[in-house]
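Colleague: I have not seen this one before. Can you take me through it?

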Amino acid sequence: QVQLVESGGGLVQTGGSLRLSCAASGSFFSINRMSWYRQTPEKQRELVAGITSGGSTNYADSTKGRFTISRDSRDNTKMYLQMNSLKPEDTAVYYCNVKSVGINKREYDVWGQGTQVTVSS
């Protein structure tokens, strides 16, 4: 089973920056795609950015050019989201998501507990 620990959320002013981290641990065969999603009470959970084990990335249109997703080059189980030029509409709970393969070779879709990001105007 994979466990996820997220960190880095907080309160920041418009135009500021935050860096979110997600670390995967536990017993697994491989960690494949890692992604960040976000959700507000008014909206469904939406993809923010994703990165494959090979380093290919994709972003929501609303975050392109402002957010950068990455994985630790030495530890592929760690993922980061650098968020720059933050806007009030970026305020949400951010969730780490991992597609993993267990030791039993089954695929798992694992979610973190979420971290609050609040951007004040």
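Colleague: How many aromatic pairs does a search of the whole structure find?
Modeller: One. Rings of Phe, Tyr and Trp (its six-membered ring) pair if their centres lie within 6.5 Å. This is a predicted model, where local features need pLDDT of at least 70, side-chain atom pairs count only at pLDDT 80 or more, and totals for chains, interfaces and linings use all residues. Residues are numbered from 1 along each chain as its sequence is written, and side-chain values use heavy atoms, with hydrogens and water left out.

Colleague: Which rings does the charged end of Arg 45 sit over?
Modeller: That of Tyr 95, 3.8 Å from the ring centre, and that of Trp 111, 4.6 Å from the centre. The test is CZ of Arg or NZ of Lys within 6 Å of the ring centre and within 35 degrees of the ring normal.

Colleague: New topic. Why does Thr 77 count as buried?
Modeller: Because its relative accessibility is 15%; buried means under 20% relative accessible area, with a 1.4 Å probe and protein chains only.

Colleague: And where is Thr 77 found?
Modeller: In the loop between strand S7 (67-71) and strand S8 (78-83). Strands are DSSP runs of E, at least two residues, numbered from the N terminus.

Colleague: What is Thr 77 in contact with, leaving aside neighbours within four places in sequence?
Modeller: Among others, Cys 22, Phe 28 and Met 34, where contact means heavy atoms within 4.5 Å.

Colleague: What about Met 83, not counting residues up to four places away in sequence?
Modeller: Met 83 touches several residues, including Leu 18, Phe 67, Tyr 94 and Val 117.

Key:
Rings of Phe, Tyr and Trp (its six-membered ring) pair if their centres lie within 6.5 Å; planes under 30 degrees apart count as stacked, over 60 as edge-to-face and the rest as tilted. Helices (H or I, at least four residues) and strands (E, at least two) are DSSP runs, numbered from the N terminus. Buried means under 20% relative accessible area, exposed over 50%, partly exposed in between (1.4 Å probe, protein chains only).
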